[in-house]
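Hello,

Here is the structure I promised to pass on. Please open it first, then read my notes below.

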Amino acid sequence: MFKKILIANRGEIALRIIRACKEIGVKTVAVYSTQDATASHTIFADESVCIGPPESTKSYLNKASILSAAEITGADAVHPGYGFLAENAEFAEMCDTCGITFIGPSADVIRKMGDKAVAKTTMKKAGVPGVPGSDGIVESEEEAMKVAKEIGFPVILKAVAGGGGKGMRIVRDEQSLSNSYMMASAEADAGFGNPDLYVEKYIESPRHIEIQLLGDKFGNVVHLGERECSIQRRHQKLIEEAPSPVVDEKLRKKMGDVAVKGAKFVKYESAGTIEFLLDSSNNFYFMEMNTRIQVEHPVTEMVYGVDLIKEQIRIAAGEEMKIRQKDLYPRGHSIECRINAEDPVNNFMPSPGEITSLHFAGGPGIRIDTHIYNSYRVPPFYDSLIAKLIVHARNRSEAINRLKRALHEFVIEGIKTTTPFHQQVIQTPEFVEGDFDTHFLEKIYDKIKEQIETEESRLEIKR
Ligand code: MV4
């Protein structure tokens, strides 16, 4: 096992990793920007090293500073968390060169899965179904048109270097393809320095379902079922749950087995996720593979009783996985709400500032993963996620009741948060019925906004 792990991240995930390390007897090193000198991860790690000024590009993305901190403190491994350098193949390679273990899959796999067209082609070879479309990238607008006519409109143009929605265009007819092609390509070039596109049939109202995987250095790969991630807005997930209300045991096994086959094909080692689109006839299609631990990993931990971070660390240390597929089955239901420092009635505008009053939810079945504390100042420089409220209960309906109760107890004052938004969303008939797709939030946004405003003025009068 490692003696000391450097956590190349901040916020709740840095704290989550520190907690896992403490419980397995591994020393921890935090790195922090000057902005984060009094942040939770800086305080709770055994040692902390300042790596630069507030801007991420100069601190949490500064590969040389982070590796110097690892060298100086004698860390034998680096955990990247999510975001920042978590899916940076070059950083994984630099760690290898320095003789420091990167806690994640190999640089080769990160690179392969980072190119969305290569990832799709690779998965197709492994027997993981993708959406019908071009075979890899299209070289020209003419080629895109040829593919579109073959598969039929609507189609979607996607950047190979993309992911998370950037450089994507839906094309509904022949006439608009030319313009969309140029827009998507230009956006991809500006955003990722790579204009290459590929074409797929557009799936109208899909659900986003992802399969959690664990693979070790001995070729063992298991899946830990699915997460339902369709409650998202502009590619930012807001609510995730496990299991999905529409996935039964049979479909779970089918998707899980396919995902395991894909992971084995690329010799995947570490925690990882395969994202699928699920259409209304329960056909599923490969979208992307995420080669990192994800924000929403706790819902899987709650229903499978597995500590994914500890497993990830043990795997990276070269231990053989003890978990067997036959022992993995979901127990109860878990839902996570992302509490962001954002104003939900003002287009989710970031709302940094000081937390002037704080009260956490508690009681049975509640987990809160957060780095915030009373009088903590949420900085404007980073992601706006400040807490994850995760509930676990015997079934979905009890989980929703518990979530409603916990959201009411969880008080954060001084800044705007997404809490009131969650209160409203989880009470909609569609959410309660489990009847939603990836377009659900945009459809109900205006109504939810009104309801939040009404509720706020009602509370104002009561005071
Ligand atoms: C799609 C799609 C429909 N058809 N591909 C969005 C980000 C990237 N992960 C893939 N995305 C989509 N790809 C085809 N062929 C719809 C989306 C999509 C989406 C996917 C998952 C979660 C939310 C989404 C919101 C809008 C569009």
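**The second largest pocket**

Helix 15 gives the largest share of the lining of the second largest pocket, with seven residues. Keep in mind throughout that this is a predicted model.

The second largest pocket has a volume of about 920 Å³. Its lining counts 27 residues, and those closest to the centre are Thr419, Pro420, Glu456, Leu459 and Arg463. By class, the lining of the second largest pocket splits into ten nonpolar, seven polar and ten charged residues.

**The ligand**

Next, the ligand. Which residues come nearest to the ligand? They are Lys158, Glu200, Lys201, Ile203 and Glu288, out of 17 residues around it.

- Glu200: an N or O atom in the side chain is 2.9 Å from a nitrogen atom of the ligand.
- Lys201: a backbone N or O atom lies 2.7 Å from a nitrogen atom of the ligand.
- Glu288: a polar side-chain atom lies 3.0 Å from a nitrogen atom of the ligand.

On its own, the ligand has 520 Å² of accessible area, and the protein covers 92% of that. Strand 6 (155–159), strand 8 (197–201), strand 12 (270–278) and strand 13 (284–290) are the elements that give two or more residues to the shell around the ligand. The shell draws at least three residues from domain 2 (132–201) and at least three from domain 3 (207–462). Its classes are seven nonpolar, five polar and five charged residues.

**The cavity**

Rolling a probe the size of a water molecule over the atoms shows where empty space is left. How many cavities of 30 Å³ or more does the count give? It gives one. The largest cavity has a volume of about 40 Å³.

Which residues line the largest cavity? The lining is made of Pro80, Gly81, Ala86, Phe102, Ile103, Gly104, Pro105, Ser270, Thr291, Arg292, Ile293 and Gln312. By class, that lining has six nonpolar, five polar and one charged residues. Domain 1 (4–86) and domain 3 (207–462) each give at least three residues to the lining of the largest cavity.

**Backbone details**

Last, some points on the backbone. Most residues other than glycine have a negative phi, and most peptide bonds are trans. Three places here are worth a look.

- Phe153 and Pro154 are joined by a cis peptide bond, with omega about -5 degrees. Pro154 sits in the loop between helix 7 (141–151) and strand 6.
- Ala242 to Pro243 is also a cis peptide bond, with omega near -5 degrees. Pro243 belongs to the loop between strand 11 (236–242) and helix 9 (249–265).
- Phe84 is not a glycine, yet has a positive phi of about 40 degrees. Phe84 is placed in the loop between strand 4 (77–79) and helix 4 (89–97).

Then turn to helix 15 and the second largest pocket.

Best wishes

Key: Residues numbered from 1 in each chain as written. Predicted model: local features only at pLDDT ≥ 70, side-chain atom pairs only at ≥ 80, totals over all residues. Heavy atoms only, no water. 1 Å grid on protein atoms, 1.4 Å probe; cavity = no way out; pocket = protein on both sides within 12 Å on 5 of 7 lines; lining within 4 Å. Points joined across faces, edges and corners; volume = space filled by probe spheres on them. Nonpolar A, V, L, I, M, F, W, Y, C, P; charged D, E, K, R; others polar. Domains from an automatic or database assignment. Near = heavy atom within 4 Å. Polar contact = N/O pair within 3.5 Å; in protein donor to acceptor, adjacent residues only side chain to side chain. Areas by Shrake-Rupley, 256 points an atom, 1.4 Å probe, with all protein chains shown as cover. Helix = DSSP H or I, 4+ residues; strand = E, 2+ residues; numbered from the N terminus.
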